[in-house]
Amino acid sequence: MLLIVLGIVFICLGIYLIISHISIKNKAVVVEGRVTGYASIEGGEYPVIHFTYNGEELDMPAAVSQKKPKYPEGEMLSVYYVQGHKWLNIVGDKNNLIQGAGMIAAGIAIIVLMIIKNFM
């Protein structure tokens, strides 16, 4: 029973990740920014993007950490900017979608395996 609940939790988390990705894309403004370096936050390396929005210059980290720096300093990127958010999402980065799909698949697998186990 506990594993079925865990499977349902995984499915719900996966759905949340996918919905939040779509929601950010719908609320955001796409701006061009330049990678100015990387910030170490909670053990991850996050690219810091410098951009201008409504005449104000801003520096914000991307939402996904990089194990190996994927974007060199000075590279121009399109990012989704939502006022009030602490992070930027890089246009074309599908990490939340991939993680969400993986969580849903894991949840379904757990539930299916538990059902099969109970019938054998």
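Me: Which residues does H21 touch, not counting residues up to four places away in sequence?

Reply: In this predicted model, H21 touches D93, N96 and L97. H21 itself lies in helix α1, residues 2-27.

Me: Why is H21 called buried?

Reply: The relative accessibility of H21 is 8%. Buried means under 20%, so H21 counts as buried.

Me: What makes P69 exposed?

Reply: P69 has a relative accessible area of 62%. The cut-off for exposed is over 50%, so P69 is exposed. This residue lies in the loop between β3 and β4. P69 and Y38 are 31 residues apart in sequence, and their C-alpha atoms are 8.0 Å apart in space.

Me: Why is I116 called partly exposed?

Reply: I116 has 41% relative accessibility. Buried would need under 20% and exposed over 50%, so I116 counts as partly exposed. I116 is placed in helix α2, residues 95-119.

Me: What makes I116 part of a nonpolar patch on the surface?

Reply: A patch residue needs over 30% relative accessible area and no salt bridge, and nonpolar side chains are joined within 5 Å. I116 has 41%. The patch is formed by I108, V112, L113, I116 and M120, which together have about 530 Å² of accessible area.

Me: How do you know that strand β2 is largely enclosed by the rest of the structure?

Reply: Strand β2 covers residues 44-53, and seven of its 10 residues are buried, so the strand is largely enclosed.

Me: What makes β1 and β2 a pair?

Reply: Pairing takes at least two bridges. β1 (residues 29-41) and β2 have eight, in the antiparallel sense, so by the two-bridge criterion they pair. One of the bridges has I41 facing its partner G44 in β2. The two strands form a hairpin with two residues between them, and E42 in the turn has a positive phi of about 50°.

Me: How do you know that β2 and β3 pair?

Reply: Six bridges join β2 to β3 (residues 56-61), again in the antiparallel sense. H50 has D59 in β3 as its bridge partner, and V48 stands opposite P61 in β3. The β2-β3 hairpin has two residues between the strands, and N54 there takes a positive phi near 50°.

Me: What makes up the largest nonpolar core, and which of its residues touch the most other members?

Reply: This core has 14 residues, and I49, F51, L77, V79, Y81 and L88 touch the most other members. The elements giving two or more residues to the core are β1, β2, β3 and β4 (76-81).

Me: Which residues is L77 in contact with, leaving aside neighbours within four places in sequence?

Reply: L77 is in contact with V31, E32, G33, V35, I49, Y71 and I90.

Key: Residues numbered from 1 in each chain as written. Predicted model: local features only at pLDDT ≥ 70, side-chain atom pairs only at ≥ 80, totals over all residues. Heavy atoms only, no water. Buried < 20%, exposed > 50% of the residue type's maximum accessible area, 1.4 Å probe, protein only. Helix = DSSP H or I, 4+ residues; strand = E, 2+ residues; numbered from the N terminus. Patch = residues over 30% accessible without salt bridge, like charges linked within 9 Å, V, L, I, M, F, W, Y side chains within 5 Å. Areas by Shrake-Rupley, 256 points an atom, 1.4 Å probe, with all protein chains shown as cover. Salt bridge = Lys/Arg side-chain N within 4 Å of Asp/Glu carboxyl O. Core = buried A, V, L, I, M, F, W, Y, C linked by side-chain atoms within 4.5 Å. Contact = heavy atoms within 4.5 Å.
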